[in-house]
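Welcome! Below is a short tour through the sheets, the helices packed on them, and the charged pairs. Have the viewer open and follow along.

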Amino acid sequence: MIHSLKNYFLLGMLALPFLFLACEGPTAPVEEATEKAPDIEAAIDSLMSQLTLEEKVHMIHASSAFTSGGVERLGIPELIMSDGPHGVRHEHGRDWVKDEGVRDSSTYLPVGTALAATWNRDLGYAFGSVLGSEANYRGKDIILGPGLNIIRSPLNGRNFEYLTEDPYLNAEMTVGYIKGVQDQGVAACAKHFVANNLEYEREQVNVEMGDRALYEIYLPGFKAAVQEGGVYTVMAAYNKFRGDYCAHSEYLLDGILKTEFGFDGAVISDWNAVKNTMEAVNAGIDLEMGSDLPMLAMGPPDYGKFHMGDTVVTLVNNGTVDVALVDKKVRRLLRTMYRINAFGEREPGAYNTPEHQRIARQIADEAIVLLKNDGMLPLEQSATKTLAVVGANATRKHAGAGGSSQVKAFYEVTPLDGLQNLLGEGTAVSYAEGYTVSREGGSDADLIAAAVAQVKDADAAIYVGGWIHGFTDEWNDNAYDAEATDKESMELPFGQDELIEALLAANPNTVIVLMGGGPIDMRKWQGKAKSIVQAWYPGMEGGNALADILFGNLNPSGKLPMTFPVKLEDSPAHKLAVTGFESLEQNYTDGIFVGYRYFDSYEVAPAFAFGHGLSYTSFGYDNLTITKEDGTVTVSVDVTNTGDVKGAEVVQVYVKDDEANLERPAKELKAFQKIKLEPGASQSLTFELDEDAFSYYDDKQNKWVLEPGTFTILVGSSSRDIRQEGQFTW
Ligand code: GLC
């Protein structure tokens, strides 16, 4: 429906040369589009010569809640956007009023941390292709994802939307996601550029950090998004960086993103992130979305009053602003439109297909992490005549909450649903809530007693707890894993610790399943639990994936994309940072020591390490060889499934600089490959590492430097489960 409206614009004056562009099929991958760049640039030149100043300015700010201004006279459509990173958000209409009765349910994919926990690049692409296809169906030109801010503190409310603590894994999973979206003819949007690593006062916080941390940790995901993923749009973050709003930062937007990285697409502000006309016009923000105007209080706001609205026309006319600054913004918006074939007939996209649901299931299958297993799992279905399931998260649906990443899920299989689907009539499944989800939520003795009574005599018992996004789908109810809020601690809410201890005392074989976007303080019961499973928010098929893993129909293969500290005080963002977590001045004095880079360099034992994840089988590593020829180091290793069930292993390659002139982390992830092996089967893997893999960013010379000397290559099943290592000299 929306597309037919968009084609209405074709009635505008489109000179013949554009028609061959309009007749293109779905947008070709970026490299092909680049080959056509001269034609796109010529088409842009032509439109630029026809646009009036008023029309240009109309294009560089919002025309509704999720659209930028179009120019009907010339057949230039509005750019239509939608959240979010793990599913196409429901319709908001043009002014933040949910449209009722429209077909706007979506495939609810597993969240970002779950996708990263698969360590499967192909699934990154598949994830993006589902998102792009459904965005296309819904008439969206831009899907506002991936979220790729580094997971720095366990408390950040939006960690669940992001991917990882490691810059290399961040880049590798981001690239596939972006290509998947954009091969569907929809623009992806890498967000939030940069250093939006907490939600506390996110529109006012100023982040300071050294150039080594910026270039080695926080930028690589965005650099890969631009240079390898070919991302068409980037979203500027709310926060300030070194004193300037990211949306007004010439250093970040013009200097790093557009000049250093060569980004030629459009920079969109986060909603209400633009605060000043002259700063925004002079900096490389191309489109102002949202407004700090009281959106609803004024009814549909006068979008001309935006900072980059009508006032810019006045400023150009009185010579204060050079029209060339406006032209640059408009050109990037037009380039984005051509890249997604917005002027032509587009592929229709698809709506909640079985194939999309299958992909959501596969991602969930490969995301769930087996953290601990003292031989308890997998459960034996034929021996399980009675199963006790405990915990409010076993029946809770999460899709619709969390903030802008909310999804009206086409359906959502909860853990209890999944277990009942799998076990059918053969097993009597009982359920006890165990705890109540409420802001007042403390432990409830009656609920605990009822849950204990159930697990006591059951053949098997499964607890499902962890975090939630909030109490309802409303913004003012956001909590824990949600936008615009951070966690207050790593402690489980609602008295869950007390409940878990009681359950384990009653039935030591109770399996502990945790949902959420990141680490939890498990000290009170971790030693007593025989099996612990991290399930993230595993999407619409998550319950089925979890059931298959717990009962052994599927061998878990997820690996942690972030470190699980024993306690919050061990986290470098809290231990090394000189500024408090809730402070408007955020000085990242933890620097490059983020995540395992800190834990391994400072020799602090985590609860569970970056890259950790157990399997129902085992893997042997042998025959590591390291050769160096010209600028390439080739690492080879043989991996064997030494157990008796098929399984997948993520072989991880870390690099250590043994004799650096300046401090470097104890190890850095520089390659990985996920392989699937039948029992007894082996596979030889080869990784080629170029100079970048061994270089550091020299903040004195402002460039990447490879310092000759000895390096150690460490190959293993996690950052702390190294199976083979060897040295070589560069
Ligand atoms: C939000 C988020 C951003 C989202 C945008 C539109 O405040 O920060 O991620 O895409 O606004 O909803």
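Let us begin with a definition: contact means that heavy atoms lie within 4.5 Å. Helices (H or I, at least four residues) and strands (E, at least two) are DSSP runs, numbered from the N terminus. Axes are lines fitted to C-alpha atoms, for helices over the stretch in contact, and angles run from 0 to 180 degrees between N-to-C directions. This is a predicted model, in which local features need pLDDT of at least 70 and side-chain atom pairs count only at pLDDT 80 or more, while totals for chains, interfaces and linings use all residues. Residues are numbered from 1 along each chain as its sequence is written, and side-chain values use heavy atoms, with hydrogens and water left out.

## The parallel sheet and its helices

Two strands count as paired if DSSP finds at least two bridges between them. Five strands form an open sheet with parallel pairing, in the order S3-S4-S5-S7-S10. Its edges are strand S3 (81-82) and strand S10 (266-269); each has a single partner strand, so one side of each is left without a neighbour in the sheet. Four bridges connect strand S7 (residues 233-236) with S10 in the parallel sense, and Met 235 stands opposite Ile 268 in S10.

Which strands does helix H8 lie across? Helix H8 (residues 167-182) lies across strand S4 (142-143) and strand S5 (187-193), and runs at about 145 degrees to S5. Helix H11 (residues 250-260) lies across S5, S7 and S10, at about 130 degrees to S5.

With a relative accessibility of 1%, Asn 170 counts as buried (under 20% relative accessible area, with exposed meaning over 50% and partly exposed in between, for a 1.4 Å probe and protein chains only). Leaving aside residues up to four places away in sequence, Asn 170 touches Leu 148, Ile 150, Leu 163, Thr 164 and Gly 221.

## The antiparallel sheet

An open sheet of three strands, with antiparallel pairing, has the order S18-S19-S22. Strand S18 (619-629) and strand S22 (682-689) are the edge strands, each pairing on one side only. From one strand to the next, the twist averages 15 degrees. Strand S19 (residues 632-641) and S22 run antiparallel and are joined by eight bridges; Ser 636 stands opposite Thr 686 in S22.

As background for both sheets, strands of a sheet pair through backbone hydrogen bonds, either parallel or antiparallel.

## Cysteines

How many disulfides does the structure hold? There are zero disulfides, a disulfide being a pair of cysteine sulfur atoms within 2.5 Å. For Cys 189, the nearest cysteine sulfur is that of Cys 246, 14 Å away. Cys 189 is buried, with a relative accessible area of 0%, and Cys 246 is buried with a relative accessible area of 0%.

## Salt bridges

Side chains of opposite charge can pair when their charged atoms come close. Here a salt bridge is a side-chain nitrogen of Lys or Arg within 4 Å of a carboxyl oxygen of Asp or Glu, and by this rule the count comes to 46 salt bridges.

| Pair | N to O distance |
|---|---|
| Arg 121 and Glu 172 | 2.7 Å |
| Asp 286 and Lys 258 | 2.9 Å |
| Asp 497 and Lys 524 | 3.6 Å |

The salt bridge of Arg 121 and Glu 172 links distant parts of the chain: Arg 121 is in helix H7 (residues 121-137) and Glu 172 in helix H8, 51 residues apart. Arg 121 is partly exposed, with a relative accessible area of 24%, whereas Glu 172 is buried at 17%.

Next comes the salt bridge of Asp 286 with Lys 258. Asp 286 lies in the loop between helix H12 (277-282) and helix H13 (310-317) and Lys 258 in helix H11, so the pair ties together parts that are 28 residues apart in sequence. Asp 286 is buried, with a relative accessible area of 1%, and Lys 258 is buried, with 14%.

Finally, take the salt bridge of Asp 497 with Lys 524. Asp 497 sits in helix H18 (residues 496-506) and Lys 524 in the loop between strand S15 (511-515) and strand S16 (531-536), 27 residues apart. Asp 497 counts as buried at 8% relative accessibility, while Lys 524 counts as partly exposed at 46%.

Salt bridges can also be followed as a network, and one such network links Arg 158, Glu 161, Glu 199, Arg 202 and Glu 483.
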